[in-house]
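Work through the exercises below with the coordinates open. Each task is followed by a solution in steps.

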Amino acid sequence: MARYSTFSIFRNALSGQRNWQRAWRAAEAKPAYDVVIVGGGGHGLATAFYLAENHGIRNVAVLEKGYVGGGNVGRNTTVIRSNYLLDGNTQFYEFSMKLWEGMSQALNFNVMFSQRGQLVTAHSADQLDSFSHRANIMRLNGIDADILDRDDVRQLTPYLDFSDTARFPIHGAIFQGRAGTARHDAVAWGYARAADGHGVDIIQNCEVTGFVRDGEKIVGVETTKGRIGAGRVGLAVAGHTSVLGQKAGLELPIESHVLQAFVTEPLKPLVDHVVAYGADHFYVSQSDKGGLVFGGNLDGYNSYAQRGNLGVVREVAEAAIALMPSISRIRLLRHWGGVMDMTPDASPIICPTPIEGLYLNGGWCYGGFKATPASGWCFAHTIATGKPHPLIAAFGLDRFRTGHTLDEAGAGPSAWLQ
């Protein structure tokens, strides 16, 4: 794999760009691999990269039923943060944040990580007090967090509604300055290119239709391109986790829901940070192209469709205008849906399964994109060693049987529930 650099850009510009290599090979499947990762999204590709980079396991295939970047990794609002509250999640997402901060250098690929900061507005004294509690927990874990009063918020985000007639008056906010956004496509492409550089085979348009067993052990997968043997199989298929789990004989505590995202027509620079609305489930940032990128709540039904419904469009538009009246006349350019794999406690599952040879990475709820590097790092460790990485000790499947759940629903992905 040729390294990207200023010199390589200059050299190829002089030659008419005829010498650029493909970012990754169009690999054909071999009869068998040491590890097969099912799912060519961010988590699957990151797992393959860290298997090779950290553990020297390079006889790896990533099987993607569509194309790289066509699933949730390319269909989200790109927010990256580590403002979690509960022990287990807090350390994991901060580790992920640190990996984000060095990702472009590690992958030799610009993932356009922009640490513009995230602000979550508070709309009552009680809510601001709960944010102070969370900020103290974050600081105790070495994570940056600031509590802002109303005047601080107004100075930072003057475009919000600070009028006397505001539907939910702003009392203050919690702010994480290291939070931000990244280019989702670049993350998928960067991990794909880096994994391919280590010899990993990325096989697109290859859907897994079943599993091959030797007794009770899984030793391969059946695909639309034939049978592929595997010493170990890792599932990282986001909203289709329960579908593949059922094919393997697992009944998982996961439901699939649609989460919509939206982008407006381009505007002049307006929103410098990621802003989350503490009075409703709404969050917004501005892309490099000028469009406002925002999202809201889940659609209220189970679905595997990558599209949403107009009811949520209306709810999100109402929240947007309540927070930012100035955008009431801008036009919505498009909206789309990602299929979310939701667990009962809003925390993920990364662990070996009860089925020998099968490893599970799923249940990310709202947290999948921001977790990409840490998820891949820890899942690779788990597959390579057969034991969960210490950072994911709380993310085991067994917690739902014993009742030791990690209920982050009111503190991480849905701050407005507080």
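Predicted model: local features only at pLDDT ≥ 70, side-chain atom pairs only at ≥ 80, totals over all residues.

**Exercise 1. Overall dimensions**

Task: Determine how the radius of gyration of the protein compares with that of a compact globule of 418 residues.

Solution: 
- Step 1. For 418 residues, the value for a compact globule is near 22 Å.
- Step 2. The protein has 22 Å, so the two agree.
- Step 3. Along the principal axes, the box filled by the C-alpha atoms is roughly 70 × 65 × 40 Å.
- Step 4. Of the 418 residues, 57% are buried.
- Step 5. Among contacts with a separation of 6 or more, 74% come from residues 24 or more positions apart.
- Step 6. The secondary structure consists of eleven helices and 18 strands.

**Exercise 2. Helices H2 and H7**

Task: Classify the relative orientation of H2 and H7, and state which residues meet.

Solution: 
- Step 1. H2 covers residues 42-55 and H7 covers residues 184-197; the angle between them is about 30° and their axes are 9 Å apart.
- Step 2. Angles under 35 degrees count as roughly parallel, and H2 and H7 are therefore roughly parallel to each other.
- Step 3. The crossing of this pair is left-handed.
- Step 4. From H2, Leu 45, Ala 46, Ala 48, Phe 49 and Tyr 50 take part, meeting Ala 188, Tyr 191, Ala 192, Ala 194 and Ala 195 of H7.
- Step 5. Sorted by class, the contact of H2 with H7 has ten nonpolar residues, no polar and no charged ones.

**Exercise 3. Helices H2 and H10**

Solution: 
- Step 1. The crossing of H2 and H10 is right-handed.
- Step 2. The H2 residues in this contact include Gly 42, His 43, Thr 47 and Asn 54, and the H10 residues include Thr 372, Trp 377, Phe 379 and His 381.
- Step 3. By class, the contact of H2 with H10 has nine nonpolar, nine polar and no charged residues.

**Exercise 4. Asp 398**

Task: Is Asp 398 buried, partly exposed or exposed, and where is Asp 398 placed?

Solution: 
- Step 1. Asp 398 sits in the loop between H10 and helix H11 (399-402).
- Step 2. Its relative accessible area is 41%.
- Step 3. Buried means under 20% and exposed over 50%, so Asp 398 is partly exposed.
- Step 4. Asp 398 and Asp 146 are 252 residues apart in sequence, and their C-alpha atoms are 36 Å apart in space.

Note on methods: Residues numbered from 1 in each chain as written. Heavy atoms only, no water. Axes fitted to C-alpha atoms, helices over the stretch in contact; angles between N-to-C directions. Helix = DSSP H or I, 4+ residues; strand = E, 2+ residues; numbered from the N terminus. Parallel < 35°, antiparallel > 145°, perpendicular 65-115°, else oblique. Left-handed = near helix turned anticlockwise from the far one by under 90°. Contact = heavy atoms within 4.5 Å. Nonpolar A, V, L, I, M, F, W, Y, C, P; charged D, E, K, R; others polar. Rg over C-alpha atoms; globule rule 2.2 N^0.38 Å. Buried < 20%, exposed > 50% of the residue type's maximum accessible area, 1.4 Å probe, protein only.
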